[in-house]
Amino acid sequence: MKKILFLSPYPIGCAPSQRLKYEQYYTSIEKSGYKIETSSFIDEDFWKIIYKKGSFAKKILFTLKGYIRRIFDLFRLKEYDIIYIHLWVTPFGFPIFEYLVRKLSSKVIYDIDDMVFLGHSSSANRLFQELKGTKKMLYLMKNSDHVITCTPKLDEFVRKYNRKTTDISSTINTENYTIKNEYSNTKTIVIGWSGSHSTSKYLYLLEDVLKSLSKKYNIKIKVIGDASFQIPGLTIEAQDWDELTEVEELQKIDIGVYPLPNEEWVLGKSGLKALQYMALGLPTVATAIGANYRVIENGISGFLVNSQEEWYTFLEKLIVDADLRRKIGTKARINVVENYSIQSTSSTYLEIIDSLS
């Protein structure tokens with residue numbers, strides 16, 4: 001049986017860039033005759049504190065533990081037919097570990113998510129930002145046997161260094177994501193957002209819009225992924241992300257929002273939040289930028305907006321019109337099932353792996 005070692009930054013089932021991309025295909029890869037092992041730089045104890053402010057001593061100790069784990073990984077690379085690297089091998093400095101992994105491995109698949117080489121970082125770990133090794137991503141782009149990207153813009157960038165790329169969007173398990181919404185206006189309308197501590201700052205872009213809507217309509221803001229999120233004057237239900245309840249909590253939303261800033265880094269985002277809402281039959285309003293143009297057909301399976309006035313206009317339309325929410329949500333669900341579900345994409349990962357084994 002051929003063997004694949006996944007070198008990932010985060011533990012299995014935690015980070016969206018992993019669990020809603022390649023981790024969803026572990027079962028189908030194993031059924032195709034491969035044995036899979038995963039080694040994450042960040043273990044589960046580190047994951048619990050990494051995006052929380054403070055705990056610097058613990059973060060340094062966990063980081064050292066991650067480097068020790070990677071040293072042990074170097075000694076077993078030759079046991080595997082393929083090494084699958086997500087984002088980086090180690091987070092800091094020059095691409096030394098990436099160079100060693102390439103030299104000691106038979107075949108390497110590199111999976112890059114977002115424009116991480118631009119050096120974006122969460123506010124909780126700003127002090128570590130300057131130490132991050134963005135050259136690692138460029139090295140892996142140039143020296144891998146195949147590169148998996150997730151947006152047209154990111155794929156275009158990688159192709160300057162490596163012609164063997166495949167653009168695979170984030171995908172949804174539509175057997176788990178099902179429609180529960182009753183599209184009714186007899187209760188409080190829930191405007192929802194899902195993300196993390198590092199991306200919740202983008203939801204604040206809608207502060208004025210949401211305050212204006214709340215003065216006129218009976219709405220609640222549901223935030224999944226940052227329990228500390230607050231905007232004074234709004235009714236907000238904020239909670240941390242929990243894998244076990246994620247889908248159930250998302251199903252309590254009536255309208256999904258996906259605000260983004262006009263920054264180059266955003267062009268590497270695959271529209272994942274929008275896909276999650278859409279898979280549940282929820283109408284989505286998103287910033288008109290990057291891969292959102294690919295995911296949402298404006299006015300048919302969601303709304304793409306460019307200004308505060310447009311945010312207000314289309315959110316208001318959806319708040320007052322339950323039939324419009326049903327119509328847009330139904331089209332959105334069909335779009336995800338046909339184009340962005342794991343059922344429609346599973347063969348693509350296997351074709352790449354088979355071509356290198």
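Is Arg-159 buried, partly exposed or exposed, and at what relative accessibility? Arg-159 counts as partly exposed because its relative accessibility is 28%. Here buried means under 20% relative accessible area, exposed means over 50%, and partly exposed lies in between (1.4 Å probe, protein chains only). The structure is a predicted model, in which local features need pLDDT of at least 70 and side-chain atom pairs count only at pLDDT 80 or more, while totals for chains, interfaces and linings use all residues. Residues are numbered from 1 along each chain as its sequence is written, and side-chain values use heavy atoms, with hydrogens and water left out.

Arg-159 pairs with Asp-155 through a salt bridge, at 3.0 Å from N to O. A salt bridge is a side-chain nitrogen of Lys or Arg within 4 Å of a carboxyl oxygen of Asp or Glu. Asp-155 is buried, with a relative accessible area of 10%. By this rule the model holds 20 salt bridges. In another of them, Asp-43 meets Lys-65, and the closest N and O atoms are 3.1 Å apart. This pair links distant parts of the chain, 22 residues apart. Asp-43 sits in the loop between β2 (34-40) and α3 (44-47), and Lys-65 in helix α4 (residues 56-74). Helices (H or I, at least four residues) and strands (E, at least two) are DSSP runs, numbered from the N terminus. Asp-43 counts as buried, at 14% relative accessibility. Lys-65 is partly exposed, with a relative accessible area of 39%. Salt bridges also link Lys-220, Lys-222, Glu-237, Glu-249 and Lys-252 in a network.

Helix α4 also contains Arg-70. At 1% relative accessibility, Arg-70 counts as buried. Contact means heavy atoms within 4.5 Å. Leaving out residues up to four places away in sequence, Arg-70 touches Leu-7, Ser-8, Ser-39, Ser-40, Phe-41, Val-89, Thr-90 and Phe-97. Arg-70 and Ser-40 are 30 residues apart in sequence, with their C-alpha atoms 8.7 Å apart in space.

Helix α6 (residues 135-143) has the buried residues Lys-136, Met-137, Tyr-139, Leu-140 and Met-141. Their cover includes β3 (82-86), α5 (96-104), β4 (107-111), β5 (146-149) and α7 (152-158). Lys-136 forms a salt bridge with Glu-98, with 3.0 Å between the closest N and O atoms. The two lie 38 residues apart, Lys-136 in helix α6 and Glu-98 in helix α5. Both Lys-136 and Glu-98 are buried.

A nonpolar core is a set of buried Ala, Val, Leu, Ile, Met, Phe, Trp, Tyr and Cys residues joined through side-chain atoms within 4.5 Å. The largest has 92 residues. Those with the most contacts inside it are Ile-83, Ile-85, Ile-112 and Leu-315. Helix α10 (residues 272-279) gives this core its largest share, six residues. Another core lies apart from it, with 19 residues, among them Ile-4, Tyr-26, Ile-36 and Ile-352. Beyond its neighbours within four places in sequence, Ile-85 contacts Leu-7, Val-101, Val-108, Ile-109, Tyr-110, Asp-111 and Leu-140.

The axes of helix α12 (residues 308-320) and helix α13 (residues 322-339) come within 5 Å and cross at roughly 105°. Axes are lines fitted to C-alpha atoms, for helices over the stretch in contact, and angles run from 0 to 180 degrees between N-to-C directions. Helices α12 and α13 are therefore roughly perpendicular to each other. Angles of 65 to 115 degrees count as roughly perpendicular. In the contact, Lys-317, Leu-318, Ile-319 and Val-320 of α12 meet Ala-322, Leu-324 and Arg-325 of α13.

How values were computed. Angles under 35 degrees count as roughly parallel, over 145 as roughly antiparallel, 65 to 115 as roughly perpendicular and the rest as oblique.
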